[in-house]
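Me: Got a model open here and I'd like to go through its side-chain packing. Can you walk me through it?

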Amino acid sequence: MAKSQVQFTKDNEYYTPKEFVKRFGEFDYDPATTKEKAEEFGIENYDTIETNGLSSDWGKYKRIWINPPFTRKHEFIAKAWETYIKAKNEIYMLFPIEFLTTARFHNSVGGGKLFIPNGRIAFESGLGKKSSSPAFGSVVMKMQDTWEIELIIK
């Protein structure tokens, strides 16, 4: 049972390591990043928390990478699916693996290729701290019309 009055003060800015993202190729848009991370990854088009990627048109981009704030993952996955249905672009999204077991996930998408790593991803902290693997696993999903699973070796 969840405790009431619990306050979360941990850093909500965790970034996927470049070498992990690059296994999925090059991307031309990221709706949830920082200027520094977009430059590091070579992504010319991006949105930040200030420019609000959820209000942008994603349909004009061919390949999209999304590591959303996990507290807003349901909004990003709904927008990603809606964009995919209209534009049929390549959209890859990272999120906690347990999200796959929720009704919200199943009601948001109609298909995808799930890339499941054989271990937890060691994210980079937005506070400049060295990060360790989180207490949960992550999965990357490529939006598509059918369901598929691929296990990946980190």
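Me: Is Phe105 buried or exposed, and at what relative accessibility?
Reply: First, the ground rules: this is a predicted model, where local features need pLDDT of at least 70 and side-chain atom pairs count only at pLDDT 80 or more, while totals for chains, interfaces and linings use all residues. Residues are numbered from 1 along each chain as its sequence is written, and side-chain values use heavy atoms, with hydrogens and water left out. Buried means under 20% relative accessible area, exposed over 50% and partly exposed in between, with a 1.4 Å probe and protein chains only. Phe105 therefore counts as buried, at 2%.

Me: Which residues touch the most other members of the largest nonpolar core?
Reply: Such a core is a set of buried Ala, Val, Leu, Ile, Met, Phe, Trp, Tyr and Cys residues joined through side-chain atoms within 4.5 Å. The largest one has 24 residues, and those touching the most other members are Trp58, Ile66, Ile77, Phe95, Phe105, Met141 and Met143.

Me: Which element gives that core its largest share?
Reply: Elements here are DSSP runs numbered from the N terminus: helices (H or I) of at least four residues and strands (E) of at least two. At least two core residues each come from strand E4 (63-66), helix H3 (73-87), strand E5 (90-96), strand E6 (112-117) and strand E8 (138-143). The largest share is five residues, and the element supplying them is H3.

Me: What kind of aromatic pair do Phe105 and Trp147 form?
Reply: Rings of Phe, Tyr and Trp (its six-membered ring) pair if their centres lie within 6.5 Å; planes under 30 degrees apart are stacked, over 60 edge-to-face, and the rest tilted. Phe105 is in helix H4 (residues 103-106) and Trp147 in strand E9 (residues 147-152), 42 residues apart. Their centres are 6.1 Å apart with 50° between the planes, and that makes the pair tilted.

Me: Why is the pair of Phe24 and Trp65 classed the way it is?
Reply: Both residues are buried. Phe24 is in the loop between helix H1 (18-22) and E2, whereas Trp65 is in strand E4, 41 residues apart. The ring centres are 6.0 Å apart and the planes are at 25°, so the pair is stacked.

Me: Which ring does the charged end of Arg63 sit over?
Reply: The test is NZ of Lys or CZ of Arg within 6 Å of the ring centre and within 35 degrees of the ring normal. Lys73 lies over the face of Phe99, at 5.3 Å from the ring centre. For Arg63 the distance to the centre is 4.7 Å, and the ring belongs to Phe27.

Me: What residues make up the salt-bridge network with Lys113?
Reply: A salt bridge needs a side-chain nitrogen of Lys or Arg within 4 Å of a carboxyl oxygen of Asp or Glu. Lys113 meets Glu150 at 2.9 Å, N to O, linking strand E6 to strand E9 across 37 residues. The network consists of Lys113, Glu148 and Glu150.

Me: And where is Thr33, and how far is its C-alpha from that of Asp47?
Reply: Thr33 lies in the loop between strand E2 (29-30) and helix H2 (35-41). Contact means heavy atoms within 4.5 Å, and Thr33 touches Ala38, Tyr46, Asp47, Thr48 and Ile49, not counting residues up to four places away in sequence. Thr33 and Asp47 are 14 residues apart along the chain, and their C-alpha atoms are separated by 6.2 Å.
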